[in-house]
Amino acid sequence: GNLGEVSLDALLKTFSESADLRQRNFALYALAMIGHLRALETFQIAQHDDDPLIRLTAISILHHADQHPDIAPLVTMLADMTDVEEITGFEGRMCDLAVEILRDIGTPEALTAVVEARFTAQSLDPHVRRRMPPHI
């Protein structure tokens, strides 16, 4: 009803206008729970957002909604060693989260990207390789 539309509008506005990463990320999760068709366009746009965490969240949501997300933004994150614990509360780096989502997506393209990232990591300087996620 009308209350649902007001909530949807408020969440869409929060996502598009807030400068606070946590508020934007929360808005994406809340939009996913509402499951409204108008939110789908937001997820499609968000998978190419400037912020990598927003991209991860949107791609994960699209995948779980069987909407076939674009994996290219995840592939670029395979080299991102940024620690995300302060942002997400989960221990790990951006590349670790990208690997998890790519493995979950499980398409040949997604799994090939994970294998290629591991191969590239093995050819790097040993100091850099030690910082690469052990599971790629």
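Mentor: Start with I34, which sits in helix α2. Keep in mind that this is a predicted model. Now look for L8. In sequence, I34 and L8 are 26 residues apart. In space, their C-alpha atoms are 7.8 Å apart.

Helix α2 covers residues 21–34, and R24 belongs to it. Is R24 buried or exposed? R24 is buried, because its relative accessible area is 13%, and buried means under 20%. What does R24 touch, leaving out residues up to four places away in sequence? The list is T14, F15, S18, D49, D51 and I54.

Pick D49 from that list. D49 and R24 form a salt bridge, and their closest N and O atoms are 2.7 Å apart. This pair links distant parts of the chain. R24 lies in helix α2, while D49 lies in the loop between α3 (37–46) and α4 (52–64). The two are 25 residues apart. Look at their cover as well: D49 and R24 are both buried.

Now set that pair beside the others. How many salt bridges does the structure hold? The count is three. One of them joins E17 to K13, with the closest N and O atoms 4.0 Å apart. Why are E17 and K13 separated by about one helical turn? They stand four residues apart in helix α1 (residues 2–17), so about one helical turn lies between them. E17 is exposed, because its relative accessibility is 57%, and exposed means over 50%. K13 comes out at 48%, so K13 counts as partly exposed.

Another salt bridge joins R93 to D96. Here the closest N and O atoms are 3.3 Å apart. R93 is buried, and D96 is buried too.

Next, find the charges at the surface. D83, E85, E86 and E91 gather there in a patch of negative charge. Take E91 from this patch. E91 is in the loop between α6 (85–88) and α7 (94–105). With a relative accessible area of 73%, E91 is exposed.

Finally, step back to the whole chain. How many helices and strands does the chain have? There are nine helices and zero strands. Along the sequence, the pattern reads α-α-α-α-α-α-α-α-α. The chain has 136 residues, and 40% of them count as buried. The accessible surface comes to about 8,100 Å². Carbon and sulfur atoms account for 56% of that surface. Consider contacts between residues at least 6 apart in sequence: 48% of these join residues at least 24 apart.

Terms used:
Residues numbered from 1 in each chain as written. Predicted model: local features only at pLDDT ≥ 70, side-chain atom pairs only at ≥ 80, totals over all residues. Heavy atoms only, no water. Buried < 20%, exposed > 50% of the residue type's maximum accessible area, 1.4 Å probe, protein only. Contact = heavy atoms within 4.5 Å. Patch = residues over 30% accessible without salt bridge, like charges linked within 9 Å, V, L, I, M, F, W, Y side chains within 5 Å. Areas by Shrake-Rupley, 256 points an atom, 1.4 Å probe, with all protein chains shown as cover. Salt bridge = Lys/Arg side-chain N within 4 Å of Asp/Glu carboxyl O. Lys, Arg positive; Asp, Glu negative; His and termini not counted. Charge placed at Lys NZ, Arg CZ, Asp CG, Glu CD.
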